[in-house]
Amino acid sequence: QRDEAFALISHEVRGPLTTVVGYSARLRAAVTSGVLNVDVPRAEEITLLAREAQRLREIILLVLDVAEIERSSVAVEVEPVQVNRLVQAEIDRIRLDQPAVSMALVTGDDVVVESDERYVRRIVQSLLDNAARYGGDTEAVEVTLKQDEGAGCWLTVRDHGAGIPADAQSRVFERFYRHESASAHGRGLGLGLYLSRRLASRLGGQLTFTSTPGEGATFSLTLPVVCPDALPPEQSEAVGALFP
């Protein structure tokens with residue numbers, strides 16, 4: 001009942017919030033381009049408004065996705081997904097929003113899978129955002145994307161930050177879990193990795209990680225070439241055996 005109420009409230013908030021996000025983004029664009037001439041304090045306020053409105057929208061969408069997957073009502077819309085372009089677009093987004101973050105696509109094969117682009121993007125966003133937040137400032141976050149014929153695609157995101165504390169590693173994918181050390185890196189709900197792993201499983205793939213405290217962390221996403229939802233039942237079972 002709590003989850004259903006939470007989802008209902010989030011759904012009702014999404015409509016007016018979309019309007020706020022849209023108009024605040026237009027205001028910021030007008031100020032940036034010089035079409036709207038305001039003083040420096042007002043320009044800073046408009047920029048803050050647009051940024052925080054977008055952040056609130058992302059939280060609402062995250063909560064909605066969590067509510068859907070916990071009710072087992074996530075509908076997968078299978079289509080060709082150009083994973084390499086999607087990953088590069090998300091890296092470019094982080095570079096634009098966080099110029100101080102160094103992130104590079106080390107190996108980026110042309111990878112196309114039959115899956116749900118929205119949910120693949122959600123997983124990639126979560127992994128890259130986490131790496132940007134916790135990856136440290138000395139070495140670049142390394143992103144690798146590969147595909148083997150008929151076997152699926154592999155995406156790894158490796159950072160060189162403090163790593164995941166040993167006492168937190170068994171709980172990384174738990175809902176709402178955030179280790180006390182994470183508070184030093186800003187706010188968060190502790191839902192991103194939880195949702196990402198559930199979505200990876202829903203798409204017929206798997207999300208895992210390895211980490212040595214003090215030496216960073218590496219998250220690995222595998223996806224089948226074809227999402228099981230797009231296959232006949234007998235082939236879907238075969239894919240499930242490859243990606244348990």
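## Terms and basis of the model

A residue is called buried when its relative accessible area is under 20%, exposed when that area is over 50%, and partly exposed in between, using a 1.4 Å probe and protein chains only. By that definition C227 is buried, with a relative accessible area of 1%, and C153 is likewise buried at 2% relative accessibility.

This is a predicted model, in which local features need pLDDT of at least 70 and side-chain atom pairs count only at pLDDT 80 or more, while totals for chains, interfaces and linings use all residues. Residues are numbered from 1 along each chain as its sequence is written, and side-chain values use heavy atoms, with hydrogens and water left out.

## Overall architecture

The protein has 6 helices and 7 strands, where helices (H or I, at least four residues) and strands (E, at least two) are DSSP runs numbered from the N terminus. Along the sequence these elements follow the pattern α-α-β-α-β-β-α-β-β-α-β-β-α.

Of the 244 residues in the protein, 38% are buried. A contact means heavy atoms within 4.5 Å, and among contacts between residues at least 6 apart in sequence, 72% join residues at least 24 apart. A disulfide is a covalent bond between the sulfur atoms of two cysteines. With a disulfide taken as a pair of cysteine sulfur atoms within 2.5 Å, a search of the whole structure finds 0 of them.

## Helix α5 and its surroundings

Helix α5 spans residues 192–202, and its buried residues are L193, Y194, L195, S196, L199 and A200. These buried residues pack against α2 (40–70), α4 (117–134), β6 (206–211) and β7 (217–223). An α-helix has 3.6 residues a turn, so residues three or four places apart point the same way.

R197 also belongs to helix α5, but at 38% relative accessibility it counts as partly exposed. Leaving aside neighbours within four places in sequence, R197 is in contact with F173 and L207; the C-alpha atoms of R197 and L207, which are 10 residues apart along the chain, are separated by 5.4 Å. Just after α5, G204 takes a positive phi of about 90 degrees.

## How the helices cross

Helix axes are lines fitted to C-alpha atoms over the stretch in contact, and angles run from 0 to 180 degrees between N-to-C directions. The axes of α4 and α5 come within 9 Å and cross at roughly 145 degrees. The contact is made by Y119, R122, I123, S126, L127 and N130 of α4, together with G192, L193, L195, S196, L199 and A200 of α5.

For α2 and α4, the axes come within 13 Å and cross at roughly 115 degrees. Here the contact involves E58, L61, L62, D65 and E68 of α2 and R118, Y119 and R122 of α4.

## The β6–β7 hairpin

Strands β6 and β7 form a hairpin with 5 residues between them, and G214 in the turn has a positive phi of about 90 degrees. The two strands run antiparallel and are joined by 6 bridges, two strands being paired if DSSP finds at least two bridges between them. Q206 stands opposite T222 in β7.

In a regular strand the side chains alternate between the two faces of the sheet. In β6 the covered face holds L207, F209 and S211, and the uncovered one holds Q206, T208 and T210. S211 is buried at 15% relative accessibility, and its side chain reaches the backbone oxygen of G216 at 2.9 Å. Such a polar contact is a pair of N or O atoms within 3.5 Å; within protein, one must be able to donate a hydrogen and the other to accept it, and residues adjacent in sequence count only if both atoms are side-chain atoms. Apart from neighbours within four places in sequence, S211 is in contact with G163, I164, Q169, G216 and A217.

D39 is placed in the loop between α1 (2–33) and α2, and at 41% relative accessibility it counts as partly exposed. A polar atom of the D39 side chain lies 2.9 Å from the backbone nitrogen of R42.

Within helix α2 sits A67, which counts as buried at 7% relative accessibility. The C-alpha atoms of A67 and L8 are separated by 9.5 Å, although these residues are 59 apart along the chain.
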